[in-house]
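Hi,

Here is the structure I promised to pass on. Have a look at it first, and then read on for what turned up.

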Amino acid sequence: MSMTSIRARLIVVLVVLCGFLAVAGAPSASAATPSDSLWFDGTPLTVQNGRFVDGQGREVVLRGYNVSGETKLAENNGLPFASVADARKSATALRALGGGNAVRFLLSWASAEPVRGQVSTTYLAAVTAQMQAFLDAGIRVFPDFHQDLYSRYLFNSGSWYTGDGAPAWAVALGGYPAESCGICLFWGQNITQNAAVQKGQYDFWHNDYGLQDAFLATAQTAMTYLAQHLTADQFAGVVGFDPYNEPYAGSYESGETSRTWEQNRLWPFYQKFRARMDAAGWTAKPALVEPNLFWNANIDAQKQPGGLLDAGTLGSRYVFNTHFYDQKAISGILMWGNASDGQYSTDFGTVRDRASAAGTTAVVSEFGHPLSGTTAGKAPTVDKAMYQALDSRLPGSTWWTTPASSGPVLSGTQWQWDIYNGRHHELMNGNASKVLTAGDAWNDEDLSAVNTDDSGAVTLRQDARLLDRVYPGATAGTTLAFTYEDRSRDGSTTLTWNPVPSSLPNVAALVGSGQYAVQVWRSSSSSAPTELHLPASFPSASTTVVSDLGTAYAPPAYSSSTPVGVAAEPGGTGSRRLLLTDADSGVLHFALVTNGATAPSATQLNAARSELAAWVAAKF
């Protein structure tokens, strides 16, 4: 899994080496705007008309990873990283190798409030310093107070499983039964089969022992600390806050359903959290709220009605935030074979529809598939199909014929980006005789897209063509259709699910066997350019752009007078973007970007542009 761009790899190494000069400590209060920033970069995001929008009025798509499952572990005291230097190393690689512009940044309630009523400023200072590493790399952040199975402290030292989330003192209050999952094949079965987990969750949602009040107070303190200790430029890069990971009732009261639980327990909690955000100085930032965990399960026996259906219009102060895993594929039994073109079009289309009905935008803040174990062979196709569904609600087989039905491009953060994968030293539930080193070191999971090699370099564990993708990071207007054919691989097989149709022979000839993306958008009055992330596999010198705004092979450096140009992305990591500038409003535009052509002639470029123009005119 190597970089195709030597220059980008060298920049990664140089920045990582510089990062080792940093030491852990109090967060910096004097960090400058990320290097390589242009005049239109660095503005806060808001939610408008069902989209993330930046200060230039551009529609923004967030793509990245969860940082990271390390927060679930005790080895680094509930922090994503052992040091600020590791955080910088991770951020640099995430930008340059993984192509991400955003992270979901995990926090630990147990580490933030180890003693009831006493929030650890030592923990908050370390969190802030590590978060700054990503913000300074030009990566937007949304924190998440994470939990799974309520708390690690429910589990005894000999247990087969563990959890994360609530502090030891919260568990001590409940007097919970000895934990047991019975006959469980997967750790997630503890959610509905382990009485201790169920009772802990139940107590939290009913605010027994004042648990919810304590959590909300800690969250407010944490948010206030971040607002006060991040610089203005850094705080502008904080998207919002994810209040609670994968909420579930624990158990229902007599007559209660998953839907009424959302209405009467979950939604009031989010309203309280929203008020805490306002009090902490986060008024302009949305809460990224998750519905009940099982609302979109793809196994019928697990599915429970929900999706915050009774919360009314979420509007600009909330984002519809959900997860999606193919439990059929993970089971190894309920889905034979691999995923295919359009596998998750309906599932992700449901996310789009639910967010639209709620009057907000959506983010799929967890998705992915195990990279080891009996079903790991499905990962290349499952993950490709999930990214395809984020890009468009259409399968490749129909995208070119009905592109106007493509729908909005979804934001998403893959689970996960853990640079310590396979190199952990986690005493499971504090048991010195059960030291976990393999995979993610948590309940036998192994989903990290990266690890660190023997030289200390961050290395991709998945195909770079799958992870480092073209996507419309910011659009000066509204995206009407988007697709990206990544040509990612399943072993030695190249997966092509969206070939250019034979009805566009000049476009097909230009693309050849290369990767390509197509975006169609209607312009707004924004004077800032539309930007698409350029993967390392799209070096500027061999990238071809065909747009109504202009054509270019090896596009020049960006300037305000250049309609098609390339510039570095903010953060100094070596990652790049294609910038497309128009000077109109309400006008239909299109762009094809590919790495498949070799020095095409002006005649070839113009022929491809004419075909695309006719196609756009016919389809939109």
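A quick one to start: which residue in E24 is the bridge partner of threonine 530? It is leucine 580.

Before the rest, some housekeeping. This is a predicted model, where local features need pLDDT of at least 70 and side-chain atom pairs count only at pLDDT 80 or more, while totals for chains, interfaces and linings use all residues. Residues are numbered from 1 along each chain as its sequence is written, and side-chain values use heavy atoms, with hydrogens and water left out.

**The sheet**

Strand E24 (residues 576–580) belongs to an open sheet of seven strands, ordered E1-E2-E3-E15-E20-E24-E23, with antiparallel pairing. Strands here are DSSP runs of E with at least two residues, helices are runs of H or I with at least four, and both are numbered from the N terminus. Two strands pair if DSSP finds at least two bridges between them.

E24 is joined to strand E20 (residues 530–534) by five bridges, and five bridges also join E23 to E24. Five of the five residues of E24 are buried, so the strand is largely enclosed by the rest of the structure. (Buried is under 20% relative accessible area, exposed over 50%, and partly exposed in between, with a 1.4 Å probe and protein chains only.) Arg576, Leu578 and Leu580 sit on one side of E24, with Arg577 and Leu579 on the other, and both faces are covered.

**Pocket and cavities**

The definitions: on a 1 Å grid over the protein atoms alone, a cavity is a set of points where a 1.4 Å probe fits but cannot get out, a pocket is an open set with protein on both sides within 12 Å along at least five of seven lines, and lining residues have an atom within 4 Å of a point. A volume is the space filled by probe spheres set on the points, which are joined across faces, edges and corners.

The largest pocket holds about 1,300 Å³. Its lining has 48 residues, with Phe186, Trp187, Gly188, Gln327 and Ile330 nearest the centre. Helix H6 (190–193), strand E8 (318–324) and helix H11 (327–331) each supply at least two of the lining residues.

There are five cavities of 30 Å³ or more. The largest cavity has a volume of about 110 Å³, and 16 residues line it, with Gln388, Thr483, Tyr484, Glu485 and Asn498 closest to its centre. Strand E16 (477–485) gives the most to that lining, with four residues.

Twelve of its 13 residues are buried, so H13 is largely enclosed by the rest of the structure; Gln388 is one of the buried residues. H2 (residues 84–96) likewise has twelve of its 13 residues buried, including Asp86, Lys89 and Arg95.

Cheers
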